[in-house]
Amino acid sequence: MTERLRVAVLAGGPSPEHEVSLQSAQAVLDALPKDRYAPFLVVVDRQGRWPLDLSADVADVVFPVMHGPYGEDGVIQGHLEVLGLPYVGCGVLASAVAMDKVAMRRSFLAEDVPVTPHVWFTEHDWRGTTDPWSLVKSLEWPMYVKPANMGSSIGISRVTSVEELRAGVELALTYDRVVLVEQGVRARELICGVLGDHDEPEASVVGELLVSGDWLDYETKYLSRAEIATIPVALPERVADEVRELSLRAYRAIGGYGLSRVDFLYQEETGRLYVLEINTMPGFTPRSVYARAWGAGGVPYPDLLGRLIDLALARSGA
C-alpha cells in the first residue's frame, strides 16, 4: 500500500474570519480521500499562537484554509516559504496584492482589466481634511466604502450622503488605515473560478451570486441557509466567454498560482463587465461557490482538492 501523504490543514488565526476558516478546514478534512491522504487539523488561535511547530517531519504539504489578513495576505505564505514546506494556493506576492484592494486595482489597470471608478485615501488623509466630499467628489452616489485589507464583506458600507460617508469610513478604519471608495454600479454579480499554475490556468463555469440586499454580506454568506448562487448561470455565450477570459487575465495580473475566485459586476443594459475583486483563498465550506463552480464543470470536490495539492507539490519540486 502506498504511503499516504501527510496534509496539514491550516485554519483559524487572528483574522475576523477565524470562524469561517474553521468551517472551510472541516470541509477539506472531511472530503480528502483517506486512501491517499492523512490529513490533520492545525488551528492557529486568535492570538496567532500555533499548537505545534510545522516541519517536514510532521507534514508533506500544507493546505492553508485561512481567510482575510494573516492567512490570505502573504503572511502565512511567507512563513511556509521559510519553513520550506509545499503549500496550496498563491504565493507571497500574489496573496498580498490580491488582499490589498488598492494594490489589486493597480495591477488590474496595468493589465487592462476593467474596474469600477474608485478612489482611495489613508487615515491621515481622512483626519486631515475638513471637507470629506473633496476626497470622493469624482464619484457619484451611491458609493461603497471598504477597508483596503479585509474579506468576506467585513467593514463594508453602502453610502448615499456625506454623513453616511463619515460613518462608513470610520467603520472601515477600524479594520485598516487605507480606505477604498467605489462607485456604485447597478449590475448582476457573477463569479468564476480559476485553477492551475502560472502558465496554463483554467477558468470554471460562470455562476451568479443571488444578492437580495445592496450586497452579499457576511451573515448571508456564512450564517444563513438561503441559497446564495446559481451555478452555472445562463448568460449570452459572448458574456460567459469574456468572464472566463477576464478571470484568467486578472489571475495572471496578480501572478496567481493554484486557485482564485474572480468576482464581477455585469451591466446587462450596456453589456459591460467590471472585475470587482480576486480572492486567492475563497471559502471552502460546503456552500463555497468556488467548489460548486468546478463541480458543475465536472471536477468533484475531492478531485479539486487533489489537484490543488498536486499543484502545491509541483511548485516546490516535490
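Helices here are DSSP runs of at least four residues and strands are runs of at least two, both numbered from the N terminus. By that count the protein has 11 helices and 12 strands. Keep in mind that this is a predicted model.

Start with the whole chain in view. The C-alpha trace spans about 70 × 45 × 40 Å along its principal axes. The radius of gyration is 19 Å, which agrees with the value near 20 Å that a compact globule of 318 residues would have. Colour by burial and you'll find that 54% of the 318 residues are buried. Next, pick out the charged side chains: 29 are positive and 44 negative, and the centres of the two sets lie 2 Å apart.

Time to zoom in on two prolines. Select Trp 141 and Pro 142, which are joined by a cis peptide bond with omega about -5 degrees. Pro 142 sits in the loop between helix H6 (133–136) and strand S5 (143–147). Then jump to Ile 231 and Pro 232, where the peptide bond is cis, with omega near -5 degrees. Look for Pro 232 in the loop between strand S10 (229–230) and helix H9 (237–254).

Tyr 70 is not a glycine, yet its phi is positive, about 85 degrees; find it in the loop between strand S3 (61–64) and helix H2 (75–83). Asp 112 also has a positive phi, near 60 degrees, and lies in the loop between helix H4 (101–110) and strand S4 (118–122). Is Asp 112 buried or exposed? With a relative accessible area of 61%, Asp 112 is exposed, since the cut-off for that is over 50%.

Note on methods:
Residues numbered from 1 in each chain as written. Predicted model: local features only at pLDDT ≥ 70, side-chain atom pairs only at ≥ 80, totals over all residues. Heavy atoms only, no water. Rg over C-alpha atoms; globule rule 2.2 N^0.38 Å. Buried < 20%, exposed > 50% of the residue type's maximum accessible area, 1.4 Å probe, protein only. Lys, Arg positive; Asp, Glu negative; His and termini not counted. Charge placed at Lys NZ, Arg CZ, Asp CG, Glu CD.
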